[in-house]
Amino acid sequence: MTAVPDVKAALRTQSIELPSWAFGNSGTRFKVFAQPGVPRSAEEKIADAAQVHAYTGVAPSVALHIPWDRVDDYAALAAHARALGVAIGTVNANVFQDDDFRLGSVANPDPGIRRKAIDHLLECVDVMDAVGSANLKLWFADGTNYPGQDDVRARQDRLAEALREVYARLGGDQRILLEYKLFEPAFYTTDVPDWGTAYAHCLKLGDRAQVVVDTGHHAPGTNIEFIVALLLREGRLGGFDFNSRFYADDDLMVGAADPFQLFRIMHEVVRGGGFGPGSGVAFMLDQCHNIEPKIPGQIRSVLNVQEATAKALLVDAAALDAAQRGGDVLGANAVLMDAYATDVRPLLAELRTEQGLDPDPVAAFARSGYAERAAADRVGGQQAGWGA
Ligand code: PSV
Ligand code: MN
Ligand code: MN
């Protein structure tokens with residue numbers, strides 16, 4: 001096993017980005033269950049995210065979603081975040097919630113609608129400039145529902161043209177993180193359905209275009225850790241949108257459905273040099289807490305990622321390498337399983353204590369009374385949610 005002090009030192013460098021939308025009301029197309037104390041503004045979402053960081057110490061940034069988090073003064077929003085001990089991270093574009101986008105956004109057959117979509121993406125780069133963000137995350141709902149509905153090759157051309165224009169607008173320290181998704185809302189073809197399509201577009205754009213792996217965006221049975229290993233090897237793994245899925249894009253808490261898969265992913269990240277300062281891989285959550293309380297749901301999720309990371313860091317790389325080279329199938333597998341079977345919770349509790357944090361972030365947050373105060377204070381106004 002890797003030495004515990006080394007594991008702890010590595011864990012101190014971890015940072016997991018929270019999605020602003022996780023703190024607002026969300027639901028399915030059947031029902032959105034409103035929760036008391038839910039933020040009414042981008043400022044309040046950031047305040048809630050700051051709570052997660054305050055209790056875990058590993059969630060120092062929060063991603064925005066434009067226009068859900070649109071404000072008049074983005075520099076002031078960034079200052080507000082800083083005052084609360086966090087930073088604004090990735091800016092997520094939204095070209096899927098407008099009637100004009102019925103047939104797509106950047107791949108729409110209508111050049112006027114494409115212009116509108118691209119203008120929104122450029123606005124997002126303006127937001128990045130104002131808040132000091134390095135990451136523009138692009139997810140396109142574009143696709144078709146019926147064979148023959150549109151020319152799938154022409155749609156790729158339109159997509160490529162839009163990406164080129166946005167890429168050209170980026171500052172030197174900014175990058176595009178291009179996300180893929182197997183299906184939904186388009187059910188026949190999706191314009192960026194898989195890592196290969198995303199990778200091909202990124203290759204054409206340049207070094208500052210990388211692929212985002214959303215763990216919920218694959219067909220059942222897909223070996224996600226292989227995709228991770230390959231993208232890392234090619235220098236094109238931009239980051240993760242972590243969540244759990246049982247069926248489709250469920251957006252449940254990461255590590256809840258398949259903690260072993262999360263461990264396998266983190267093992268490939270560590271193995272491929274994707275973890276640690278300067279790796280360039282963004283570890284983001286993309287989740288919705290439809291029925292559970294949101295701040296504790298985010299705390300739980302962050303802890304799940306931290307646990308999987310600790311186990312991946314514990315893998316005895318030298319023993320694994322020796323077993324692999326020796327063709328010792330069972331021995332190599334046992335090295336991985338030993339690390340996975342380790343209960344890392346005491347180690348993480350110890351680490352938190354060393355960092356001046358409560359060893360049990362969930363309990364500490366519950367005791368703080370923050371949720372009750374938010375429910376009492378946040379009356380009036382519109383509760384934030386999808387589209388708010
Ligand atoms: C839609 O599937 C989605 O969940 C994508 O994963 C995006 O990252 C997210 O919404 C926010 O736009
Ligand atoms: Mn996502
Ligand atoms: Mn998704």
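This is a predicted model: local features need pLDDT of at least 70, side-chain atom pairs count only at pLDDT 80 or more; totals for chains, interfaces and linings use all residues.
**Entry 1**

**Entry 2: the annotated domain**

Next I checked the record. UniProt, in an unreviewed entry, places the feature "domain: Xylose isomerase-like TIM barrel" at residues 54–249. I looked at how that span is built and found 37% helix and 18% strand. The C-alpha atoms at the ends of residues 54–249 lie 29 Å apart.

**Entry 3: two cis peptide bonds**

I went looking for cis peptide bonds and wrote down two places. At one of them, isoleucine 66 is joined to proline 67, with omega about 15 degrees. Where does proline 67 lie? I traced it to the loop between strand S2 (61–65) and helix H3 (74–83).

At the other place, a cis bond links glutamate 184 to proline 185, and here omega is about 10 degrees. Proline 185 has its place in the loop between strand S6 (175–179) and strand S7 (189–190).

**Entry 4: H5 and H6**

Then I turned to helix pairs. Helix H5 (residues 152–169) packs with helix H6 (residues 195–205) at an angle of about 45 degrees, and their axes are 10 Å apart. The two are therefore oblique to each other. I noted the crossing of H5 past H6 as right-handed. On the H5 side I listed Leu159, Ala160, Leu163, Arg164 and Tyr167, which meet His201, Lys204 and Leu205 in H6. By class, I wrote down 5 nonpolar, 1 polar and 2 charged residues for this contact.

**Entry 5: H8 and H9**

Which residues of H8 meet H9? My list reads Pro259, Leu262, Phe263, Met266, His267, Val269 and Val270. Their partners in H9 are Asn304, Ala308, Thr309, Lys311, Ala312 and Leu313. The residues of this contact divide into 9 nonpolar, 3 polar and 1 charged.

**Entry 6: H10 and H11**

My last pair was helix H10 (residues 317–325) with helix H11 (residues 329–341). I found that their axes come within 8 Å and cross at roughly 160 degrees. Why do I call H10 and H11 roughly antiparallel? Angles over 145 degrees count as roughly antiparallel, so H10 and H11 get that description. H10 passes H11 in a left-handed crossing. The contact brings Ala319, Leu320, Ala323 and Gln324 of H10 together with Gly331, Ala332, Val335 and Leu336 of H11. I sorted these residues too: 6 are nonpolar, 2 are polar and none is charged.

Conventions. Residues are numbered from 1 along each chain as its sequence is written. Chains are lettered from A and ligands numbered from 1 in the order in which they are written. UniProt positions are given in the numbering used here, feature names are shortened, and annotations may be inferred rather than shown by experiment. Helices (H or I, at least four residues) and strands (E, at least two) are DSSP runs, numbered from the N terminus. Axes are lines fitted to C-alpha atoms, for helices over the stretch in contact, and angles run from 0 to 180 degrees between N-to-C directions. Angles under 35 degrees count as roughly parallel, over 145 as roughly antiparallel, 65 to 115 as roughly perpendicular and the rest as oblique. A crossing is left-handed if the near helix is turned anticlockwise from the far one by less than a right angle, and right-handed if clockwise. Two residues are in contact if their C-beta atoms, placed from the backbone, lie within 7 Å. Ala, Val, Leu, Ile, Met, Phe, Trp, Tyr, Cys and Pro count as nonpolar, Asp, Glu, Lys and Arg as charged, and the others, Gly among them, as polar.
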